[in-house]
Structure formats: structure tokens, C-alpha cells
Amino acid sequence: LKRPSGRKPRRATLAWWRSAWRRWAAPAMLSQVGGGAPRTSENEAMIESEFRRLLASIEGEREKIRQLWQSIDGDTKSTSAEMERLRQDTEEWCHAERHKVISEWNRLDKLKDKMCVRYPNERGVILDINCSGRLFAVPKSALCSVEESHLNHMFSDAFVHSVPKDSKGRYFLDFNPTCFGIIVEYLQNAQHVTDTPPPIVPPEEQQNMDILAEALNLKIFLKPNGIQKNHSTSLRVNGSQIESTMQGWQIIAAKDPLPMSSASYFEIRIANNPDASRGGLALGLCGHQPSDKEIFKLAMPDAVWYVSHNGLVAGEIGDKDVIAMENMQKKVQFKTGSVVGIKHDIANRSIQFYLNRISIGTCTLNTHLLESFRVLYPVFGLYIAGQTIQVDFAAISPSASKGVAVSGERTAAE
């Protein structure tokens with residue numbers, strides 16, 4: 001209640017309270033003695049009615065909640081029962097399938113035992129073999145020591161009866177006898193000396209050995225290539241990386257020739273070439289590993305090079321050119337960051353060069369000089385100090401990566 005304004009505080013307050021008494025307090029006292037009883041009863045009845053209605057609503061909601069809870073509880077019990085049933089069914093199925101898998105593995109193991117000699121050291125049997133007229137007496141334990149080789153399968157219980165025999169009962173093999181002899185000697189030595197290095201194959205037999213090793217799946221003879229470790233150059237070799245340390249031609253070759261059983265391909269990434277416009281970087285193939293004074297010059301009779309910013313450079317043997325024909329682009333530069341690919345196709349004796357996986361031309365070796373190219377070594381010539389290249393002998397050729405590889409060429413799926 002606001003104090004009446006414009007009057008003295010004490011007198012205004014008394015007057016205001018007298019007025020308030022007449023307006024509110026007196027009617028309230030009269031209602032207590034009976035003057036306001038009817039109105040009070042009506043209010044109480046309304047409050048009672050609303051209260052009962054509220055109680056009924058609360059009880060209804062409580063019943064709904066109780067029914068919902070019972071429904072959830074029932075669903076939980078039925079779901080738990082269904083989950084338990086599914087768990088038991090799954091365990092029974094897994095047990096049955098596990099038994100099938102174990103049975104199948106056992107069957108495959110027995111079949112593998114039959115198809116290959118799994119424990120050759122326990123079988124002291126000597127095999128008499130006629131290899132294209134050359135006779136061998138080879139312990140079966142040696143010949144079958146490489147488990148994944150076709151020699152192992154050939155003399156297993158499943159296939160040994162299919163191997164033909166000569167008139168004297170010796171197993172007859174239509175293989176190159178010289179290459180087969182090299183394989184037999186290696187397998188016998190490997191039984192007595194662990195980590196026996198693969199034998200050196202004469203250049204004139206390299207192609208025959210590649211074909212035979214691939215046919216027999218003898219991976220020890222199909223080893224990955226690398227850079228020559230023992231060399232007389234000033235080049236710094238770190239794995240497959242070659243770096244020039246001084247001015248002047250320095251020639252280095254791969255440690256092994258290219259496979260001669262099928263097409264082959266390798267790539268050279270130019271990590272650094274300080275002055276590509278000067279040339280001074282040569283990549284190619286050679287019929288031998290350069291040595292002595294040859295490591296300081298490109299001029300070799302059985303070498304085929306592509307020289308950066310120049311073009312194709314090939315030698316002469318006698319009065320015959322090494323290259324029969326070619327359609328190479330001229331003055332292609334091997335700049336830093338570029339990738340040079342070289343592909344040799346044994347079927348037509350062609351050499352194809354690529355720059356950044358795009359062909360820059362093909363040359364064909366003179367068929368009259370194929371005797372000088374029984375083997376082909378990748379060769380690398382660096383002239384400018386600081387030049388650095390990275391060689392990848394496992395690269396996939398552009399044609400093979402597109403699914404048009406020639407016969408025998410390595411593909412991405414391998």
C-alpha cells in the first residue's frame with residue numbers, strides 16, 4: 001500500500017490505515033461470524049472438485065506407466081530368450097563349420113603330402129635321371145629340397161608315375177643338360193652348406209637357364225637384380241642409388257643381366273641432374289659388364305645408350321652396326337625428377353626407351369650379331385659431379401600396367 005503523498009508522515013499513515021480497515025478488515029471479520037459463509041463454501045467445493053480430478057488424472061498416468069513398464073519387461077524377457085537361442089544356434093553352427101574346416105585342412109594336407117615331397121631328408125632314395133642324354137644319379141632329398149619347385153612336385157607320389165623313362169628305366173627329362181647340371185650341383189651343395197650362393201651361369205647359357213629356372217619355379221635362380229657392388233669407379237653406390245662424385249665419364253653395370261626368358265623392364269629416376277642441357281647422363285644396355293678402361297668411356301662395341309640431350313648411341317661389331325633400325329627421338333633431356341624406362345623384348349630383340357612412362361622410340365638389334373648379345377646388362381653412365389639416379393629393377397612397364405603386357409612380362413598382379 002502506498003503512503004498518501006502530500007501529507008505529514010504520521011497523520012497520513014493513520015488516516016490510510018483507518019481507510020484500509022474500513023475497506024478490507026471489517027468485511028473479513030463479518031465473514032467469520034457468518035456474513036461470508038456461502039461464498040466460502042462454494043470455493044471449497046470447487047477446490048475439492050479440482051483436487052479429485054487431479055488425483056484421478058495422476059492415477060491414470062500412473063496406470064499407464066505401470067502398463068508400459070510391464071510391456072517393456074515382457075519384451076526384455078522375450079528378447080533375452082531369443083538372444084540366448086540365437087547364441088546357442090551360432091555356437092552349434094560354428095562348431096560344425098570348424099569341424100568341416102579342420103577336416104578339409106586335413107584332406108588338403110594329405111593331398112599336399114601326396115603331391116610333393118615334404119620331408120625329403122627322410123627318404124634316402126637315389127634317382128637315376130637321363131637328362132637329354134646326360135646321366136645323373138641324384139639323391140631325391142637334394143632334388144626335392146625346394147618345396148615349392150616343380151621338381152618337388154614332379155617326383156612326388158602323385159606325379160612320379162607320369163615322368164617318362166628311357167629304355168633302361170631311368171627318368172627321362174627333356175631339359176638343357178648343362179643348365180640342369182648347374183641346378184643339381186647347387187641343390188646338392190645347399191644340403192651341406194647353408195646360405196649357398198647361386199652359381200655363376202656362363203653367359204652363353206644364361207637364356208637357357210632363365211627359361212629352365214622359370215619353368216621349374218626355382219626362385220633362387222630368379223633373384224632380384226641390383227647395382228654392381230665391386231667396381232673400380234668413383235661412383236658412390238648406396239643400394240639402388242648411384243651418385244657421381246667427380247667430373248668425367250664413370251660407367252657402372254647391374255650385378256646380373258636381364259632375364260632372357262621373357263620381356264623385361266626397369267626404370268631410372270633422375271634424383272639430381274645439375275645441368276641437363278649439357279648431356280652427360282647415359283642409360284642403356286650392354287652385352288657384358290664394363291671393366292678396366294671401359295668404365296671411363298661410352299664407346300663399347302656391344303653397348304646401346306641413350307644420352308641425355310643427344311640421342312641414341314650404339315657401337316659396331318666388326319663392320320656391322322649393332323642397331324638394325326631405330327625411330328628414336330633426338331635431344332631428349334633427362335631432367336631432375338624425370339623417370340627413364342628401358343624395356344627389352346626378347347621375342348623381337350628390340351629395346352624401347354621411355355621418358356615419364358611415354359615412349360620416346362624403339363631400336364632393334366642386328367640379328368646377325370645376336371651371338372654378341374646372349375646376355376644384356378643394364379648400364380649407367382654419369383659425367384657431371386652431383387648427378388644422382390635411383391634404379392628400380394622391379395618396375396612394371398607402361399604396357400603391362402595397362403593390361404597389354406607381352407608374353408612372360410612381369411605384371412602388377414605379380
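1. Which residue just after H6 takes a positive phi? Asn217 does, at about 55 degrees. Helix H6 covers residues 206-216. Helices here are DSSP runs of H or I with at least four residues, strands are runs of E with at least two, and both are numbered from the N terminus.

2. A word on the basis. This is a predicted model, in which local features need pLDDT of at least 70, side-chain atom pairs count only at pLDDT 80 or more, and totals for chains, interfaces and linings use all residues. Residues are numbered from 1 along each chain as its sequence is written, and side-chain values use heavy atoms, with hydrogens and water left out.

3. Back to helix H6. The buried residues of H6 are Gln206, Met209, Asp210, Leu212, Ala213 and Leu216. Buried means under 20% relative accessible area, exposed means over 50%, and partly exposed lies in between (1.4 Å probe, protein chains only). These buried residues pack against helix H4 (150-154) and helix H5 (177-192). Contact means heavy atoms within 4.5 Å.

4. Helix H2 (residues 37-115) holds Phe51. Phe51 counts as partly exposed because its relative accessibility is 44%. Together with Leu54, Leu55 and Ile58, Phe51 makes a nonpolar surface patch of about 370 Å². Patch members have over 30% relative accessible area and no salt bridge; like charges are joined within 9 Å, and nonpolar side chains (Val, Leu, Ile, Met, Phe, Trp, Tyr) within 5 Å. A salt bridge is a side-chain nitrogen of Lys or Arg within 4 Å of a carboxyl oxygen of Asp or Glu. Areas come from the Shrake-Rupley method with a 1.4 Å probe, and for residues only the protein chains shown count as cover.

5. Five strands form an open sheet in the order S6-S17-S8-S9-S10, with antiparallel pairing. Strands S6 (250-253) and S10 (311-314) stand at the edges; each has a single partner strand, so one side of each lacks a neighbour in the sheet. Neighbouring strands of this sheet are turned by 20 degrees against each other on average, direction ignored. Axes are lines fitted to C-alpha atoms, for helices over the stretch in contact, and angles run from 0 to 180 degrees between N-to-C directions. Strands pair if DSSP finds at least two bridges between them.

6. Within that sheet, S9 (residues 303-307) and S10 run antiparallel, joined by four bridges. Trp305 stands opposite Val313 in S10.

7. Leu283 lies in strand S8 (residues 281-286). Leu283 is buried, because its relative accessible area is 0%. Beyond its neighbours within four places in sequence, Leu283 is in contact with residues including Ile268, Ile270, Trp305, Phe334, Phe353 and Ile389. Leu283 and Val307 are 24 residues apart in sequence, yet 6.6 Å apart in space, C-alpha to C-alpha.

8. An open sheet of eight strands has the order S4-S5-S18-S7-S14-S15-S16-S13, again with antiparallel pairing. Strand S4 (236-238) and S13 are the edge strands, each pairing on one side only. The twist averages 20 degrees from one strand to the next.

9. S15 (residues 350-355) pairs with S16 over six bridges, in the antiparallel sense. The two form a hairpin with two residues between them, and Asn356 in the turn has a positive phi of about 55 degrees. Tyr354 has Ser359 in S16 as its bridge partner.

10. S13 (residues 323-326) is joined to S16 (residues 358-365) by three bridges, running antiparallel. Here Met325 has Thr364 in S16 as its bridge partner.
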